[in-house]
Amino acid sequence: MNGTTLSGRYELIERVGGGGMALVYKARDTLLNRHVAVKVLRQQYVHDEEFIRRFRREAQSAASLSHPNVVSIYDVGQDEETHFIVMEYIEGSNLNDIIKAQAPLQTAEAVHIATQICDALEHAHANGIIHRDIKPHNILIGKNGRVKVTDFGIARAITTSTITQTGSVIGSVHYFSPEHAKGVTAGEKSDLYSLGIVLYQMLTARLPFIGESPISVALKHLQEPVEEPRVVNPMIPQSVENVILKSLRKRPEERYVSAGEMLRDLETCLAPERKDEPKWTYASDAEDDAEATRVIPAIRGAMNAAGRPAANEGAGATPGGAGAPVWREGSYVDEEEEERRGNPWVKPLIWFGVLLLLLGGAWWGVNKIQDIFVIPTVKVPTVEGLPLERAKTEIEAAGLVVEDPIVYEFNREVPLDYVISQTKKDEEARASTPIRLYVSKGIEMVEMPALVGLTEAEAKAALDELGIPGERVEYDTEFSDKEDPGDVFEQFPPALQPIDPLDTSVRVVVSRGREEIDMPELLGLTAQEAQAMLERAGLELLEKNIVREPAYFEKGRVFKQFPYQPGDPVKPPGEGIMIYISEGLPKEARATTYTVVIGPKEQGAESAIRILVTDAMGERVEAVNQKVSSEQSFTFEVVTSPSKNASIEVFQDDAKLDQYTWTHRQAEESGGSANAPRQEEPEEPFGEEPAEPVDGEPGNEEGQSSSDETEQTVEGL
């Protein structure tokens with residue numbers, strides 16, 4: 001779109017960046033005569049209402065902010081199907097480029113940058129706006145060192161929307177907060193987490209969490225502890241590490257309360273009094289024994305004043321009721337128990353009988369159990385490497401069962417639905433023992449990203465992030481009438497197709513812009529011939545661009561082509577190609593039929609005669625080229641103009657024999673035809689003076705005949 005003017009005001013100069021949703025151009029505001037940055041929604045999204053709403057929300061959110069560390073929004077508009085936002089243009093670099101070139105940064109520089117970012121976030125949060133995509137790519141640093149936060153493309157005004165976008169997690173996975181990775185509502189503290197990762201990256205030259213896929217990185221945000229910055233870079237002060245550790249807590253409630261609190265911590269973390277402060281830890285990091293099992297003593301029943309159990313607290317029925325124990329001499333006595341004591345042989349006899357019964361039953365039961373429940377052992381079959389259904393059949397045939405659920409795992413070596421491993425391999429087990437099977441889900445596939453419309457560098461970054469090896473990516477360049485030079489306009493495999501990132505060959509076709517064609521030579525052709533030649537070359541000649549006017553050129557022929565000269569490169573269809581067709585000589589021109597009589601050098605021999613004409617029609621145009629053995633007359637046309645006389649050069653056997661000048665005045669007076677002086681003239685009578693040259697006729701210059709020999713004889717005078 002370079003060279004395009006939007007809304008008649010913003011002239012796009014060059015593309016300076018781009019993301020998944022929009023492209024960013026450096027532009028000139030022709031009304032205020034200043035440079036601006038114009039963010040243009042990608043063409044593939046112009047009919048996507050969701051993207052357009054998100055794009056407009058960016059402008060509305062960011063336009064409400066006015067802060068020295070936030071990129072200012074100037075205008076928002078639409079030109080036909082092109083949606084765009086006009087914002088402040090920052091002359092400088094983004095933080096991502098600086099980290100790649102210089103990281104790890106000096107501690108003071110990194111803290112200074114983080115402080116300005118935090119200041120911008122405090123202002124945004126105070127206005128109810130969460131950025132949601134803090135990363136080095138969205139941090140611009142001007143040549144004056146001023147930090148500017150940009151790209152509120154996925155920011156949301158929390159005062160106007162509380163909708164959770166189900167199934168869509170927006171942002172950059174390496175800078176996600178744990179709650180962002182879960183897909184829940186991301187609040188102000190998510191921005192502080194992302195800022196902590198940016199500070200971590202500036203000071204260590206690496207990201208805290210990396211993985212083979214975006215999902216694995218997101219899981220690390222949720223589950224894995226961050227490697228302490230001072231382990232990576234021991235030069236980081238403890239006070240600065242404390243800021244990072246607090247901002248990267250998994251639970252939002254354990255981070256800074258607000259951007260303002262984090263800003264105050266950043267502003268003082270390099271102060272001398274904080275140089276030797278202890279490492280920051282959170283109270284929940286200590287082992288919590290609150291849930292440990294404890295022995296609780298039993299609660300004894302209450303005793304009355306006499307040392308007896310209180311009423312209704314004894315082990316029997318209510319005192320005085322049937323079967324109740326009776327208080328006698330300081331203790332309760334069960335009257336029924338006293339009756340049983342009167343027959344002391346009864347109880348042993350009963351117990352003896354019971355014992356016999358138990359022994360007999362036990363003996364019978366053991367034998368019965370041995371007959372019924374003793375389970376034989378079987379050899380566990382090896383089913384690793386077998387298809388799942390066959391593995392099930394072999395396990396069940398051995399008298400075993402397949403444990404439910406079957407465990408499925410991605411595996412590059414084992415085909416889909418084949419057994420990777422099993423429990424109790426090469427062992428013996430009792431019948432009906434469950435065997436756990438680990439079954440291959442095949443290769444973990446990912447979706448091919450959409451590369452069309454990205455620059456070659458952006459496409460390469462997207463493929464690198466997906467884990468596709470560089471040697472499996474082929475970059476070709478071809479001419480394209482639709483895409484800007486350097487943009488991808490074709491890809492294979494197509495977008496969203498499932499691929500194996502380690503085994504898929506990718507072809508990316510990058511635009512070389514429109515194909516250029518060498519402008520053909522059109523001079524001397526008719527209009528129809530010129531048009532046909534241009535069409536064969538893939539170029540277009542509009543009827544309105546065929547200009548007919550008088551010229552010193554053959555009538556009906558092209559005497560000028562504009563603006564492309566023969567051999568100039570032209571991009572189809574060749575806008576503005578013009579040709580000029582001669583309508584004949586101008587009114588002031590004079591055409592004269594000129595006759596030269598000449599013979600061979602020696603009588604009876606043969607000589608080669610050449611006559612060259614220089615006049616208003618051209619330079620040294622060959623009028624005659626012929627061999628003669630006797631004197632002959634050669635007639636040809638010469639054209640003169642008020643500013644151009646004619647010169648006739650005569651050659652005999654490649655030696656210049658004569659040269660005649662024919663002036664415009666002579667042509668006007670000639671009546672349309674003239675004869676050159678004869679090669680040999682009769683001698684003048686003795687004693688007569690030579691005739692004076694006629695004004696405007698040839699004189700006695702070198703290479704010309706004398707005045708009496710060059711006097712022109714005009715027929716009809």
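A word on confidence comes first: pLDDT is the predictor's confidence in each residue, on a scale from 0 to 100. You will need it here, since this is a predicted model. Over residues 155-171 the pLDDT stays under 50, and the model has 38 contacts beyond four places in sequence for that stretch. Residues 287-337 are also below 50, with 29 contacts beyond near neighbours in sequence. For the protein chain as a whole, the mean pLDDT is 81, and 81% of the residues reach 70 or more.

Now for the overall picture. The protein chain has 16 helices and 37 strands. Of its 717 residues, 39% are buried. Among contacts with a separation of 6 or more, 65% join residues 24 or more positions apart.

Let's step inside. The largest nonpolar core has 49 residues, and Leu-95, Ile-113, Ile-117, Leu-199, Met-202, Met-262 and Leu-266 are those with the most contacts inside it. Elements giving two or more residues to this core include the helices α2 (95-102), α3 (107-126), α5 (188-204) and α9 (259-268), along with the strands β9 (139-142) and β10 (147-149). A second, separate core of 19 residues includes Val-624, Val-628, Tyr-660 and Ala-676.

Next, the charged pairs. The whole structure holds 30 salt bridges. In one of them, the side chains of Arg-206 and Glu-227 meet at 3.2 Å, N to O. Arg-206 sits in the loop between α5 and α6 and Glu-227 in the loop between α6 and α7 (229-232), so this pair ties together parts 21 residues apart in sequence. A salt bridge at 3.3 Å joins Glu-394 and Arg-390. These two are separated by about one helical turn because they are 4 residues apart in helix α12 (residues 388-397). Arg-436 and Glu-403 also form a salt bridge, at 2.6 Å, N to O. That pair links distant parts of the chain, 33 residues apart. Where salt bridges share partners, Asp-476, Glu-478, Glu-490 and Arg-507 are joined into one network.

Finally, look at the surface. Ile-350, Trp-351, Val-354 and Leu-358 form a nonpolar patch there, with about 440 Å² of accessible area together. Val-354 belongs to helix α11 (residues 346-373), and its relative accessibility of 34% makes Val-354 partly exposed.

How values were computed: Residues numbered from 1 in each chain as written. Predicted model: local features only at pLDDT ≥ 70, side-chain atom pairs only at ≥ 80, totals over all residues. Heavy atoms only, no water. Core = buried A, V, L, I, M, F, W, Y, C linked by side-chain atoms within 4.5 Å. Buried < 20%, exposed > 50% of the residue type's maximum accessible area, 1.4 Å probe, protein only. Patch = residues over 30% accessible without salt bridge, like charges linked within 9 Å, V, L, I, M, F, W, Y side chains within 5 Å. Areas by Shrake-Rupley, 256 points an atom, 1.4 Å probe, with all protein chains shown as cover. Salt bridge = Lys/Arg side-chain N within 4 Å of Asp/Glu carboxyl O. Contact = heavy atoms within 4.5 Å.
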